[in-house]
Amino acid sequence: MVHFVGAGCGAPDLITVRGQRLLEEADVIIYAGSLVNPALLEAKKDNCKVYNSAEMTLEEVIEAMQQAERAGLTTVRLHTGDPCLYGAVREQMDALEQLGISYDSCPGVSSLCGAAASLNLEYTLPGISQSVILTRMAGKTAVPEKESIESFAAHRATMVLFLSAGMPSELSARLIAGGYTSETPAAIVYKASWPEEEAQICTVGTLAETAERCGIHKTALILVGDAILHSNYRRSDLYNPAFETEYRKKAASFRNLPLQPQT
Ligand code: SAH
C-alpha cells in the first residue's frame, strides 16, 4: 500500500493528524526533499527506509514503491503542501495502477493556505472577490494558451500564483496587460510557515522591485487582488444581526460593529 501524504507547507506541526500517523507507521518514506521540511522525518520508525525524491526519476520512485510492495511494506510518499497542486502525483498513481499496487491520498495544508495565514488574509471577501484563481507562469511545464495570465487577470478576482516568483517583471506586465491596475495590491510570501518566512505587501506594479529588494526568487507565492489590503469589503450576511439564518433568528435590536473606515 502506498499513501500519498501532504506534508503541509513547512512547519512540521502543520501536517494533519492522519498524515503524522501514516508517517509514524511507514516502513518506507519517499519525501520531496526540495520543499518538505526534513524535521517531519523525525516521526519515522527506526528501521524505516528513507528516499529523497529530489534526486530520483519517476521510474526510480516507482521502483522503490514496487520493491516495498513486494516485501509487504507500507510506503508514504510525502509531498509538499497538498499533493493535489503541482504535485506530479497523477503519473505515480497511474504507474501504480498498472502494477496493481493500491494507494490512497491524505491531504495537507497547501502553501495557498499557509500564505494566507501569514498575512491573516481572507481571499474571498464579500464585495471584493468570491473567487480565487490558482495558476502559474509557464516554466519547464507549459501552460495551455487558453489559461494565459492576461485572460485570468481580466476577472480581477483574487489570484494566487505558484512557481512564478522567478519571473516577477514579466508577471507584473502580463497582469497589467490583462486588466489589473499597477496599483492593485499584491504580496510575495516566501517560505510560509517556515522560520525564515517573509511576507511583503506591494502592488502589481512593484512586484519586481520588491522581489529584487528582498532577494526572493523562489519558494514563494505571489498573491494579487484587493483582498490583500481588505479595505472596502462588505461584512458577511451570515453573521449580520439584521439577517436571519437557518440557525439564528434576526436580532430584535442590535448595534453594528464599526469594522473599518469605508474609503
Ligand atoms: N503542492 C504544493 C505546491 C508545489 S509547487 C502546495 O500545495 O503548496 C511549488 C511551489 O509552491 C513553489 O514554487 C512556491 O510557489 C509554492 N510554495 C511551496 N511551499 C511554499 C511556502 N512554504 N511558501 C510559499 N510558497 C510555497
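A backbone N or O atom of Leu85 lies 2.7 Å from a nitrogen atom of the ligand, a polar contact in the sense of a pair of N or O atoms within 3.5 Å; within protein, one atom must be able to donate a hydrogen and the other to accept it, and residues adjacent in sequence count only if both atoms are side-chain atoms. The ligand, taken alone, exposes 550 Å², and the protein buries 95% of that; accessible areas here come from the Shrake-Rupley method with a 1.4 Å probe, and for residues only the protein chains shown count as cover.

The model is predicted: local features need pLDDT of at least 70 and side-chain atom pairs count only at pLDDT 80 or more, while totals for chains, interfaces and linings use all residues. Residues are numbered from 1 along each chain as its sequence is written, and side-chain values use heavy atoms, with hydrogens and water left out.

A backbone N or O atom of Asp82 is 2.9 Å from a nitrogen atom of the ligand, and an N or O atom in the side chain of Ser111 is 2.7 Å from a ligand oxygen atom. In total, 18 residues surround the ligand, and the closest are Leu85, Ser110, Ser111, Ala192 and Ala220; a residue is counted if one of its heavy atoms lies within 4 Å of the ligand.

The protein chain is assigned domain 1 (2-109) and domain 2 (112-229), with bounds from an automatic or database domain assignment. Their C-alpha centres lie 29 Å apart. The contact between them takes 10 residues from domain 1 and 11 residues from domain 2, where contact means heavy atoms within 4.5 Å.

The protein chain has 7 helices and 10 strands; helices (H or I, at least four residues) and strands (E, at least two) are DSSP runs, numbered from the N terminus. Strand 2 (residues 28-31) is covered on both faces, with Val28 and Ile30 on one side, Ile29 and Tyr31 on the other, and all four buried. Buried means under 20% relative accessible area, exposed over 50%, and partly exposed in between (1.4 Å probe, protein chains only). In a regular strand the side chains alternate between the two faces of the sheet.

Strand 2 runs parallel to strand 3 (residues 49-52), joined by 4 bridges, and Tyr31 stands opposite Asn52 in strand 3. Strand 2 also pairs in the parallel sense with strand 4 (residues 75-79) over 4 bridges, where Ile29 has Val76 as its bridge partner. Pairing requires that DSSP finds at least two bridges between the strands.

Asp27 sits in the loop between helix 1 (17-25) and strand 2. Its relative accessible area is 18%, so Asp27 counts as buried. The side chain of Asp27 reaches the backbone nitrogen of Thr74 at 2.7 Å. Leaving out residues up to four places away in sequence, Asp27 touches Lys45, Asn47, Cys48, Lys49, Leu73 and Thr74.

Gln92 belongs to helix 3 (residues 90-99) and is buried because its relative accessibility is 2%. Its side chain makes a polar contact with the side chain of His79 at 3.3 Å. The residues that Gln92 touches, not counting those up to four places away in sequence, include Phe4, Leu58, Arg77 and His79. Leu58 is 34 residues from Gln92 along the chain, with 7.2 Å between the C-alpha atoms.

Across the protein chain, 44% of the 263 residues are buried.
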